[in-house]
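Subject: Two-chain model, handover and notes

Hello,

Below is the structure you asked to have passed on. My notes follow it.

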Amino acid sequence: VAGRISLVLALVAALAVVAFLALSRDRRLSGTNDVKPALAVATLAQGGPRVCQPGQLVPAGTAAVAVLATPAGGRPVGPLVAELRGATGVVATGRSAGGHRGGWLAAPLDRPVRAPLEASVCVRQVGGAPALVSGVPTVPATAARAARRRLPGALSLRYLRPGRESWVELAPVVAARAEIATASPLGPATPWAFGALVALLWAGSLFLVIRLVA
Amino acid sequence: VIRRAAASVGPAGWACAGLAVACALGWALIVPPFHVPDETDHVAYVQYLAETGGIPSPVAGQGLSTEQRTAMVATQFFAVVGNREGKPPWTEREAEPVRRALAADLPRDDGGAATSATNNPPLYYLLAVPAYAAAADGDLLDRLLAMRLVSVLLAGVTALGVFLFVREVLPATPWAAVVGALAAAVQPTFAFVTSGVTNDALLFAASAWLFFLVARTFRAGLTPALGVALGVAVALGALAKITFLGLVPGAALGLLILALRDRGHRRRALLALGVAGTIVTVAGAAYVVARTALWDRPLFTGAVAQSRGAGGAAGGLNEREFVAYAWQFYLPRLPFMVDQFPEYYPLWQTWFMGFVGRFGWLDHGFPALVYKVALAVYLPLAALAVSALVRARRTLRRRGLEVATYLLMGAGLLALIVLPGYTYRETTGFVFEQARYLLPLLALYGALLALAARGAGRLAPVAGTLIVVLALTHGLLAQLLTLGRYYA
C-alpha cells in the first residue's frame, strides 16, 4: 500500500513540475537571425547613430525585435527604438522599456509582421546609459552598419511572437517546426509519434512498477 | 538454446528493453539531423562503407560526401551547432531549399578522408549499412533516420543487459532489476546519445552485456557456453570502439582468479577462458587482416596513434603531470598538486553536469539550478546505496572478488579515457572528454540505483518507485529542453 501511495504522490509531484513549466508564460520566438551573441560588436548611446543590420529575413508573426544589450558602465540602459526598414522605407517601429540592466531587450513593434519581410533591422538608443550590443565578428558584406560605417560584426537578433505564451499554447507551433526541421519521413505524424512514444514509455514503466515494485 | 535463453529473461526484462527502444526512438524523432555528437562523421563512415565497400582513410581531404555536405548546409547545421541562437529550418520558405538540396542527385561516394570517426573499428558501421541500404531510395535524411533506428535497437539491447546484470548481482530482490534497467534506459544522456548514428550505441550494449556475463559467471561458474558468450561480447565491444578495451583487463583478471580458485572445475573454467580468448583473438586478427590487407589502412590512427607515437604520451609523457592530470580529472585536487584545470572543475562540470544532461554538440543543458537539484537527489541515493552495502558487508566479503572485478573494469575504462585525453590536451590544448564516455558503466549505474532502493530497508519498494518516477521525469524534462532548444 505504501508503495502505491508513494507512486501516486510521486506522479502528482512530477505532474506538478511539468505542468508548472508547461503553463508558465513568456515571450516566445518567431525566429532568430542565427547569429551567436559571442561578443560586443556595437555601442549604442543616447544621441548616437543608429546601428543597422542589413539582409534580414524577418519571419511572419513577428511582433517585437530584441537585441542582447549589456550596460556599458553598469547603469541601466534604454529605452531603445527599433525599426524594420524594407525596400519602401520604414515598415514598422518599436520602443523598448527603459531601465534595462542587461539581457535580451525587446522592442514591441507598432505593426506586426504578417508575411516574411526582407529588411534592415535598426536600433538606436533614446535614453539611459550606453549599451554594448552583442553579435559575432563577420566579413564586411554581412556586418552591421552605423552612420554608413561598417562595424566589425553582425548583430544577434531575436524576433518575438505577439504576447506571452505558455508552452502548451505554443505546442502546435513547435510540432510544425519540428516536422519541418527534422525532415522526418513520418511527415505531420512526427509530433504525434513522439507524443505516443512518451505516453507508451510512461504507461509501460508505471505498469511495470505497479506490478513488480510498488 | 536461444528459445530457452529468451524465456529465461522473463517478460519484465523484455518490457524494459522495449521501453528503452521507445525512449531512444522518441529522442531520434526530435533531435535534428546530425545534432548528436560526431553524428556527421559517423554518417559519413556508414555512407562511405555502403557506397564503396571500403572504410575511410586517415588522410587529409574530403571526409564527407558532397551529398552530405550539401544536406548539412541546407539544414543550417553549421549555423545551429554550438550556437543556441541558431535554429534549424522552421518555415515552409526555409524548407523549400532543403527539399531541393536533398532531391539533387549528388555524389555519395566522394568522402572517405579523415574524420573523428576514421580510427573506429567498422563493426557498428557494418551493422548500419543494411539500414542505409534499405532506405537507399530515400534522401539522405531518410537514410539517416534508418541508421538511427539501428542505434535505437541497441539501446534496447543495452537496457536488457543492464536488467540481466542487476538481476544477477541482486538476486534476492527481483524487482530491483526493473528499477535499475528503467532508470538506466531513460537516463537522458544515454537515451540522447543512442538516438543518433554513433558507434557508442554498440559500445554501450556490448559493455552492459559484458558486465552481465561476468556477473553470471560469478553465479554459475565459468562454463564453456559462458566462455563463448564472453568472447563474443568482448569481440563485439572491441570491434565497436577501442574504448571498450578498458573494461577487459579487469574482467579477464577477475575471471582468471575465479577459474584458478575453482578447484572442482578448474580445468573446465580455464578451457572456457581459453575459448573466450580464442574468439577475441580470431576476431581481432580478422580485423587486423581486413584493415591492413583488404582496406590498406594503418592499424592505429587518431588519438590512439598519438598516444603511441613519438609526439604523444609514449614519447613525451611527463609522468608526474600525467598522474596529477588523471587524478584531477576524476577527483578533487590534492593540496600538493599543480592545478591542471584552473578554469573549471572536471568532476562537477564534465562528469556530473554532463551526466545529468548536456545535449546537442554539448551546446545546451539545463538551467544551473537543475544540476544543484540533481546533486541534492543523487547524494541521498548514494548514501542509501552505501547503507545497503554496509548492511550487506558479510555478503560483500564473500563476493569480494566479484566486486573487485567490477571496480577494476571501471578503473580500466577511466584509465583508457584519460590517457588519450591527456595526449590530446598536450598536443592541441583542448580537452575532449565528455560524460558519455562513462556510459559503458551504465550497468553499474543501474545496479547502484537498485542498491539505493534496497538501502531504504522496509521502504525499499517506495524508494524504487520514486527512483523510477524521478528518472522518467528527468528524461521528459530533458526532451522538453531539447524541443525548446531547437524549435522554440
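How much area do chain B and chain A bury between them, and what share of it is on carbon and sulfur atoms? The two chains bury about 4200 Å², 77% of it on carbon and sulfur atoms. Buried area here is the accessible area (1.4 Å probe) that two parts lose on being put together, summed over both. In chain B, the residues that lose the most area to chain A are B:Leu29, B:Glu85 and B:Trp90, together 17% of what that side buries. The contact takes 52 residues from chain B and 52 residues from chain A, where contact means heavy atoms within 4.5 Å.

Some ground rules before the rest. This is a predicted model, in which local features need pLDDT of at least 70 and side-chain atom pairs count only at pLDDT 80 or more, while totals for chains, interfaces and linings use all residues. Residues are numbered from 1 along each chain as its sequence is written, chains are lettered from A and ligands numbered from 1 in the order in which they are written, and side-chain values use heavy atoms, with hydrogens and water left out.

Cavities

The count comes to 5 cavities of 30 Å³ or more. A cavity is a set of points, on a 1 Å grid over the protein atoms alone, where a 1.4 Å probe fits but cannot get out; lining residues have an atom within 4 Å of a point. Grid points are joined across faces, edges and corners, and a volume is the space filled by probe spheres set on the points.

The largest cavity holds about 90 Å³ of space. Its lining includes A:Thr182, A:Ala183, A:Ser184 and A:Pro185 from chain A, and B:Leu29, B:Leu141 and B:Arg148 from chain B. The elements that give two or more residues to this lining are α1 (2-30) and α7 (140-169) of chain B, and α7(B) gives the most, with 4 residues. Helices (H or I, at least four residues) and strands (E, at least two) are DSSP runs, numbered from the N terminus. By class, the lining has 9 nonpolar, 2 polar and 1 charged residues. Ala, Val, Leu, Ile, Met, Phe, Trp, Tyr, Cys and Pro count as nonpolar, Asp, Glu, Lys and Arg as charged, and the others, Gly among them, as polar.

The second largest cavity has about 60 Å³ of space. Among the residues that line it are B:Pro37, B:Phe192, B:Arg358 and B:Arg436. Helix α9 (residues 188-193) of chain B gives the most to this lining, with 3 residues. By class, the lining has 5 nonpolar, 3 polar and 2 charged residues.

Helices of chain B

Helix α22 (residues 460-487) has 28 residues, which at 1.5 Å a residue should span 40 Å; the end C-alpha atoms are 40 Å apart, which agrees. The expected span is 1.5 Å times one less than the number of residues. Of the 28 residues of α22(B), 23 are buried, so this helix is largely enclosed by the rest of the structure. Buried means under 20% relative accessible area, exposed over 50%, and partly exposed in between (1.4 Å probe, protein chains only).

In helix α6 (residues 123-134) of chain B, the buried residues include B:Leu123, B:Tyr124 and B:Tyr125. The buried residues of α6(B) pack against α2 (39-52), α7, α10 (200-220) and α11 of chain B.

Single residues

B:Ala155 is in helix α7 of chain B and counts as buried, at 0% relative accessibility. Leaving out residues up to four places away in sequence, B:Ala155 touches B:Ala20, B:Ala24, B:Phe190 and B:Thr194.

B:Lys241 is in the loop between α11 (224-238) and α12 (248-261) of chain B. At 13% relative accessibility, B:Lys241 counts as buried. With the sequence neighbours up to four places away not counted, the residues that B:Lys241 touches include B:Asn120, B:Asp200 and B:Tyr437.

B:Glu92 is in helix α5 (residues 92-103) of chain B and counts as partly exposed, at 47% relative accessibility. On the same terms as above, B:Glu92 touches A:Ile180 and B:Arg99, not counting residues up to four places away in sequence.

Backbone points to check by eye

A cis peptide bond joins A:Gly78 and A:Pro79, with omega about 5°. A:Pro79 is in the loop between β4 (62-71) and β5 (80-86) of chain A. B:Asp296 is not a glycine but has a positive phi of about 55°; B:Asp296 counts as exposed, at 61% relative accessibility.

Regards

Conventions: On a 1 Å grid over the protein atoms alone, a cavity is a set of points where a 1.4 Å probe fits but cannot get out, and a pocket is an open set with protein on both sides within 12 Å along at least five of seven lines; lining residues have an atom within 4 Å of a point.
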